[in-house]
Amino acid sequence: MFEGHDPYLVALSVAIASLGGYTGFALAARIRNTPGVSNRVMLAGAAAFLAVGIWTMHFVGMLAAPLPRDTVYQVLPTIISFLICALVVGISLFFVSIGEPTLKRLASSAVLLGVGIASMHYVGIHGLAGPFGIAHDWTMVLLSVLVAIVTAYGGLRAFLAQQDGVRLIVSSIAFGVAVSGMHYTAMLGMHFEPLTASGHQHLGGSLAASQQVLSIVVAVLCFVIAAGFLLSLVPDRRQAAADPVAPSVSSDPIPQATLSPRPTPAPLGGLGQPQRAPVPRLPVEGADGTHFIDTANVRSVRADAHYTRVHDGTRERMCPWSISEAEAQLDPSLFLRVHRSHIVAIPHVALVRKEGDGAVLELDGPSPHRVPVSRAKIAEVKARLGLANRRHA
């Protein structure tokens, strides 16, 4: 498959696809957490970075391939290949980022993304012009499309199933494998054939770019992808602003509240605010609208940018409240904020274990999950669990 290819450019092509996937998926992860027009901007940015990653990987792979001499690239098919890529990527991300992602929606998005990657490839391939024709082994064509669909499904599945940085890393690697695997599988089934003089003359009227010009364009896009990747690693200040934590609550807890096992009368995050009656249910977003979960079934609440993720013991679902709003609304006799980004239901704690400078809680349910506890909250957690006599252990 790689015979005659430049190994360094092959490696670069896979890396570029993965970096573009990471940047695009990082933006896509914020789509559901950014209301209004910014939501559309995030979707457009995610689609653009993923499309640029796919397109750039394709042409880095073409530069790595042993093409015939005097090969040029027709500009119109090259541009069309990018537009196809951006369109299908945008639609796929929209399907999996809005509402509750069902298996049917996920599979449809993977098929659309895989077919879009393959369409971009073959349109771009037939933008090659020179004293040759291009023939394809249809068995390899079908195999390349299958590779794209299967690995695209794996990337989207990893993107939705995992959490935080692990989710982005796994999904971006799967995305890079999807794009590069499809490309090099398709290249294995491609053959150059001599072209008649009349056919070559027909190609001569098209606007075309040399490999040197394409190299410059690809280099610029590689820089854009690398810059976007580095920017995606910068913490989101708006998230920190949307989730303020008072020093008296998280960093320097009040001694009386820390040492007393009795629940505080004020809301979890309501120091200095009028007390509210605890809410009996939490709203969560689904594909068909807003549902409600009884607080008795809630195991934990996790901050996710401007919104939160509520775990009911089986799975996480998106809640339109911020972590601070959830903290103020929940019953303080049942719930405790144990970390800057986590609230837990104390009655559902099944295990507590020290880990590093902090601790870890395991919440019960059909699918038990673990939540970190910050060092400043360990004493209060132990007090609430009836372990206050061992808080200095």
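A salt bridge is counted here where a side-chain nitrogen of Lys or Arg lies within 4 Å of a carboxyl oxygen of Asp or Glu. In this predicted model, glutamate 362 and arginine 370 form such a pair, with their closest N and O atoms 3.0 Å apart. The structure holds 7 salt bridges, and the points below describe some of them, together with the exposure of the residues involved.

**Glutamate 362 and arginine 370**
- The separation of 3.0 Å between the closest N and O atoms of glutamate 362 and arginine 370 falls within the 4 Å cut-off, and the pair therefore counts as a salt bridge.
- Arginine 370 is partly exposed, its relative accessible area being 45%.

**Aspartate 364 and arginine 299**
- Aspartate 364 and arginine 299 form a salt bridge in which the closest N and O atoms are 3.2 Å apart.
- This pair links distant parts of the chain, 65 residues apart, since aspartate 364 sits in the loop between strand S14 (358-363) and strand S15 (369-373), while arginine 299 sits in the loop between strand S7 (289-294) and strand S8 (300-304).

**Arginine 302 and glutamate 316**
- Arginine 302 forms a salt bridge with glutamate 316, and their closest N and O atoms are 2.8 Å apart.
- Because arginine 302 belongs to strand S8 and glutamate 316 to strand S10 (residues 316-319), the pair ties together parts that are 14 residues apart in sequence.
- Arginine 302 has a relative accessible area of 12% and is therefore buried, the limit for that class being under 20%.

Technical notes. Residues numbered from 1 in each chain as written. Predicted model: local features only at pLDDT ≥ 70, side-chain atom pairs only at ≥ 80, totals over all residues. Heavy atoms only, no water. Helix = DSSP H or I, 4+ residues; strand = E, 2+ residues; numbered from the N terminus. Buried < 20%, exposed > 50% of the residue type's maximum accessible area, 1.4 Å probe, protein only.
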